[in-house]
Amino acid sequence: MSMRNNKNSTQKMTIAESLRLTIQQEMERDKKVFCIGEDIGIKGGFGGAFTVTLGLSEQFGHERILDTPISETGIAGVAIGAALSGMRPIADVQYSDFLFCAMDQLVNQAAKLRFMSGGKLKVPMVMRAPGGATTRGSQHSQSLESYFLHVPGLKVVCPSTAYDAKGLLTAAIRDDSPVLFFEHKLLYGSKGNRAEKGSISPVGEVPLYDYTIPFGKAKIRKKGKDVTILGKLRSVYTALEASKILDQHTISCEVIDPRTIVPFDSKLLFNSVKKTGRLVIVDECTKTGGWAGEISALVQENIFKYLKKPVVRVTAPDTPVPFAPKLENFFIPQAKDVVKEVLKLF
Amino acid sequence: MNKKLLLSMHRKMLTIRLFEEKLNSLFLQGQIPGTLHLYNGQEACAVGVCENLNDKDWILSTHRPHGHAIAKGVSLQSMMAELFAKETGCCGGFGGSMHVGDINKGSVPAIAIVGGNIPIATGVALSFKMQKRKNVVCCFLGDGAINEGAFHEGVNMASIWGLPLIFVCENNLYGASTRIENMIGVEKLTDRLKGYGVKSFSVDGMDVTKVYTMINNLIKKIKFGQGPFFLECKTYRFVGHSRSDTNKYRQKSEEIFWKKKDPIIRIEKKLVKEKILDTLSIDKIHEEIKHELNQAVKFAKSSPHPKILNMKKYVYA
Ligand SMILES: Cc1ncc(C[n+]2csc(CCOP(=O)(O)OP(=O)(O)O)c2C)c(N)n1
Ligand SMILES: [Mg+2]
C-alpha cells in the first residue's frame with residue numbers, strides 16, 4: 001500500500017490526505033509509532049473527527065490505531081507513559097478545545113518530566129489538535145496555540161500547506177520532545193460529508209518519499225519590501241489575501257509563515273523586518289497574552305532601531321468565540337482588517 | 001397514570017421530534033449554521049424526567065440538548081431563534097445548538113464538553129442544599145461521559161455529601177462511533193456506581209411512562225433526604241451522531257430493532273388503546289405543533305442578528 005518506493009514522485013493532495021500518508025509511512029517505518037484517540041479506528045466510523053486516520057486501522061489493526069473511551073486526561077497520560085518507556089505515540093483530541101481536559105498531563109507532566117529528571121527522561125509524543133472557528137460555538141472553535149507557547153518543554157507546530165504538513169509531522173514523530181501539533185479545520189480539505197463550510201483546503205504537491213522539515217525554519221510565502229505580515233495556520237492565507245489587495249495600493253507585502261512557533265525562526269523574521277521596517281502580525285488566537293504580543297516584544301527588544309512604525313497585532317478580540325456567523329466573522333481577523341491596519345502604516 | 005399527564009407527555013415528545021425534523025430540513029437547506037446533534041429516538045428520556053420538575057428544579061444538559069431544553073419548557077421561539085443565530089435566541093445567538101437552555105426555566109444553557117456538566121451539577125445540588133432549597137437537580141449525560149474523569153469526581157462528591165441530584169444517563173449504546181460496551185471494564189455501566197456508594201437503576205428509555213414513574217419515585221426519596229441517584233435510560237438515537245454521520249458503524253438490524261420501540265408511536269398506541277385519543281385527534285395535534293413550529297421559524301427569521309457591540313458586554317459580569 002505504501003508508495004515510499006516511488007522515490008521521486010509527488011502527488012497532489014489535501015492536508016488531511018498528507019497527514020494520513022505521513023502517519024501511514026511512519027507506522028510502516030517504525031513499529032514504535034502508534035495512534036491513540038477517540039473514534040480514530042472504528043470500522044465504519046470517522047477516522048478521527050476530521051478523517052485523518054481513516055482506513056489506517058484496516059492496515060495496522062486496532063492495537064496500533066487504538067480507540068479510547070472519551071477520556072482526554074487518560075489519552076494524554078497514556079501517551080506520555082508509553083513515550084517514556086520506548087514507544088512513539090501520536091495522540092489526538094477531536095477538537096483542540098478538549099486539550100484543556102488534559103492540561104495537567106500536558107503541562108505538568110509531558111512538558112516537565114525531562115527537566116525534573118535532570119535530563120534522564122524523554123517524552124517523544126505528538127499531540128494532534130484541530131483548531132479554528134467553524135460556527136460551532138465557544139467550546140468547539142478556539143485557537144489555542146498561544147497557551148502552549150507559554151509552556152517551556154513543549155514544541156508547537158502549525159502547518160499551513162500539505163507539503164509542510166507531511167514534513168513537519170514526520171519531524172514531530174521523530175522528535176524526542178513532546179510536540180503539540182495544531183491543525184486548522186478550514187485547511188484540512190476533508191471531503192464528502194466531512195467537508196467544512198468556508199474551507200480554504202489548500203491542495204499541494206506532496207512528495208511520496210520520506211522527508212522532514214526541521215523545526216524553527218520559517219518560510220517566506222510572498223516576497224515584498226514595504227511591510228512584513230506574519231501569520232500562522234489559516235492566517236497565512238488571510239495575510240496573502242490582504243497582500244493581493246495591498247498590491248493595488250502599491251504596497252508590497254512580505255508574507256511569512258513561521259511553520260513552528262516553538263521553536264521560532266526569529267532570524268528570518270528579523271531579516272525581513274530590517275528590510276521593511278514594518279510588522280503586522282495576524283493571528284486567530286485572542287489578543288492578550290498571545291503569540292502576536294510575544295513576537296511584538298521579541299522584535300522591539302532586538303531590532304527596535306529598524307522599526308519605522310510600531311508593531312501591529314491583528315488578532316481575535318479578548319472574548320470567547322461567539323456562535324452567530326456574523327459575530328464569528330468579526331471575531332476572526334479577516335483580510336480587510338489586515339488591509340486597514342497596513343494602510344495606517346503608510 | 002392520569003390522562004392529562006399522558007397527553008402532556010405525548011405533546012412534548014412530539015414537539016421535540018417535529019422541532020428537530022424541521023431543524024434538520026432547514027439545516028440541509030443551509031438556513032441554519034453550525035452543526036446539529038439530533039435527539040431523535042430519545043424523546044422519552046427528556047420528557048419522562050422533566051415532566052416531574054418545576055422551573056426551580058434545574059437540569060444540566062449536553063452537546064445533544066434540544067430535547068432536554070424543550071422538555072424543560074424553554075420556548076420554541078427562543079430555541080429556533082438561537083439555532084438561526086438571532087438576538088432573540090435563548091442565548092442571544094451567542095451559544096448555538098450545543099448550548100441551548102434558559103435559566104428562567106431551570107434549564108442551564110447546555111455544556112458541550114463531554115462530562116463537563118457533571119461536577120457542575122454536583123455544585124448546583126450542593127448550593128440547593130446549603131440554601132435549604134427544596135428543589136432537585138437532574139444531570140443528563142451520555143453513556144460516553146462515564147469515562148471522563150469529571151464524571152468520577154462529580155459523582156463521588158455528590159455521594160459523600162448526599163446531594164439532591166439525579167444523574168440521568170441516556171445509554172444509546174454509542175459515544176459517536178464507539179460502542180460503550182467496548183469502553184468499560186464492567187458488564188453493565190451501572191456497576192460503576194457501586195464503587196461510589198450511589199444507588200443506580202435502569203429503565204426502558206423508550207417508554208415515557210416508565211421513565212416518568214422512576215424519576216417520580218426517586219424525587220420522593222430525595223425529599224426524604226436520600227440521594228444522589230443514578231438512572232440509566234436504555235435508549236437509541238435514530239439518526240447519526242451529528243450532521244455528517246451516516247451510521248456505518250451500526251448494524252441495520254440493530255437500528256430496525258430499536259426503531260420498533262419508537263417512544264412516540266408507543267405512546268400514541270397507548271392513547272388510542274385507552275381511548276384518550278383517536279387517530280383524527282392525533283393528526284390534529286401534529287398539525288397544531290407544526291403550526292407552532294412554523295410560527296417559531298417566522299419569528300426566528302424576522303429577528304435581528306446579535307450585535308457585535310454586545311460581545312465585550314458578555315465577557316465579564
Ligand atoms: C471532552 C470532550 N471530548 C470529546 C468530545 C467530542 N464528542 C462530542 S459528543 C461525543 C460522544 C458522546 O457520547 P455520549 O456521551 O454517549 O453522548 P451521545 O452523543 O451518545 O448523546 C464526543 C466524543 C467532546 N465534546 N468533549
Ligand atoms: Mg451515547
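Trainee: So which chains surround ligand 1?
Mentor: Residues from chains A and B surround ligand 1, so the site is shared between chains. Keep in mind that this is a predicted model.

Trainee: Okay. Which residues come nearest to ligand 1?
Mentor: There are 22 residues around the ligand, and those that come nearest are E72(A), H63(B), R64(B), G144(B) and N172(B).

Trainee: What does the side chain of R64(B) do there?
Mentor: An N or O atom in the R64(B) side chain sits 2.7 Å from an oxygen atom of ligand 1.

Trainee: And G144(B), which part of that residue is involved?
Mentor: The backbone: one of its N or O atoms is 2.8 Å from a ligand oxygen. A112(B) also uses a backbone N or O atom, 2.9 Å from a nitrogen atom of ligand 1.

Trainee: Switching topic, at what angle do α1(B) and α4(B) pack?
Mentor: About 25°, with the axes 12 Å apart; α1 covers residues 3–28 of chain B and α4 covers residues 76–83. Angles under 35 degrees count as roughly parallel, so that's what α1(B) is to α4(B).

Trainee: Is the crossing left-handed or right-handed?
Mentor: α1(B) and α4(B) cross in a right-handed way.

Trainee: Which residues make the contact?
Mentor: From α1(B), you have T15(B), F19(B), K22(B), L23(B) and L26(B), and α4(B) brings L76(B), M79(B), M80(B) and L83(B).

Trainee: How does that contact split by class?
Mentor: For α1(B) with α4(B), count 7 nonpolar, 1 polar and 1 charged residues.

Conventions: Residues are numbered from 1 along each chain as its sequence is written. Chains are lettered from A and ligands numbered from 1 in the order in which they are written. This is a predicted model: local features need pLDDT of at least 70, side-chain atom pairs count only at pLDDT 80 or more; totals for chains, interfaces and linings use all residues. Side-chain values use heavy atoms; hydrogens and water are left out. Axes are lines fitted to C-alpha atoms, for helices over the stretch in contact, and angles run from 0 to 180 degrees between N-to-C directions. Helices (H or I, at least four residues) and strands (E, at least two) are DSSP runs, numbered from the N terminus. Angles under 35 degrees count as roughly parallel, over 145 as roughly antiparallel, 65 to 115 as roughly perpendicular and the rest as oblique. A crossing is left-handed if the near helix is turned anticlockwise from the far one by less than a right angle, and right-handed if clockwise. Contact means heavy atoms within 4.5 Å. Ala, Val, Leu, Ile, Met, Phe, Trp, Tyr, Cys and Pro count as nonpolar, Asp, Glu, Lys and Arg as charged, and the others, Gly among them, as polar. A residue is near a molecule or strand if one of its heavy atoms lies within 4 Å of it. A polar contact is a pair of N or O atoms within 3.5 Å; within protein, one must be able to donate a hydrogen and the other to accept it, and residues adjacent in sequence count only if both atoms are side-chain atoms.
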